[in-house]
Structures are given as structure tokens and as C-alpha cells.
Amino acid sequence: TATSPIYSFSLMPAIDHMIAAPNPFQPGTNTTTLMFSMPGPGSAIFEVFSLPDARLLMKTNIEGLTDGINTYSYDGRDSSGRLLPNGVYVVRLRKTGANGNANETFKLISDR
């Protein structure tokens, strides 16, 4: 973000929902970066579920998040450290911020 007496602008994209890039991604070869907006400083719980059975594969806490746009890199591993096989997964982010709580979900594709 840059400001002057005349203009104020930011090079960060406006984020009103969580996105992941790249998506699809290749676990073991690269990571995917989640971009999301926080409702004030706080923390989040990141979870990955299998489809179609909705089995929880991975869960982690993300601490020290700031108000506004944040990022988190995911390497495509489950809680046991195994790489996700090819498939579609549901990712849920449960956010707890100083200005409220929010949950977001989206689909993530693993393509090894």
C-alpha cells in the first residue's frame, strides 16, 4: 500500500473470499498458497476433507494472523505426512478475528 496527499492505492487484489493458487496443484512438487481476508487480527483452523466421504485428512492451527489479507502455504500432505493422491478435496478455514468469526470452504484439486 502506498499513500500520498492525492492518492492511496494497493497492489494487493481485493479478496472477498478465499482463493488458492495454483489450483490444481501438485503435492510433493509444489505448494498452493491460500489467500484470505481476516475479520481483525486473530487465528484460523485450516482443515482438509476427502470427497465424497468428508473424512478429515488434515487439521492445523494458524496463529498470528493480521487484520485484512493473509496467506498460508499448504504442501498437500495429510496429518500423517503422506502426500494427497489425485482428487478433489474440500478445504475449510474457520477464522476467529477480533471483529468476529467466519467460516469459508472451497474445493482444492490435487494433480500429481
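**Strand pairing and an aromatic cluster**

Strand β8 (residues 87–97) pairs with β9 through eleven bridges, and the two run antiparallel. The model is predicted. Within this pairing, R92 has T105 of β9 as its bridge partner.

Four strands make up an open sheet, ordered β6-β5-β8-β9, with antiparallel pairing. The edges are held by β6 (56–65) and β9 (100–110). Each has a single partner strand, so one side of each is left without a neighbour in the sheet. From one strand to the next, the twist averages 15 degrees.

Three aromatic pairs are present in the structure. One of them joins F25 and Y74. This pair is tilted, with 6.2 Å centre to centre and 55 degrees between the planes. F25 sits in the loop between β3 (19–21) and β4 (32–38), while Y74 sits in strand β7 (residues 68–74). The pair therefore ties together parts that are 49 residues apart in sequence. Both F25 and Y74 are buried.

Y74 also pairs with F46. Buried means under 20% relative accessible area. Taken together, ring pairs link F25, F46, Y72 and Y74 into a cluster.

Notes. Residues numbered from 1 in each chain as written. Predicted model: local features only at pLDDT ≥ 70, side-chain atom pairs only at ≥ 80, totals over all residues. Heavy atoms only, no water. Phe/Tyr/Trp six-rings, centres within 6.5 Å; stacked < 30°, edge-to-face > 60°. Buried < 20%, exposed > 50% of the residue type's maximum accessible area, 1.4 Å probe, protein only. Pairing = 2+ DSSP bridges. Axes fitted to C-alpha atoms, helices over the stretch in contact; angles between N-to-C directions.
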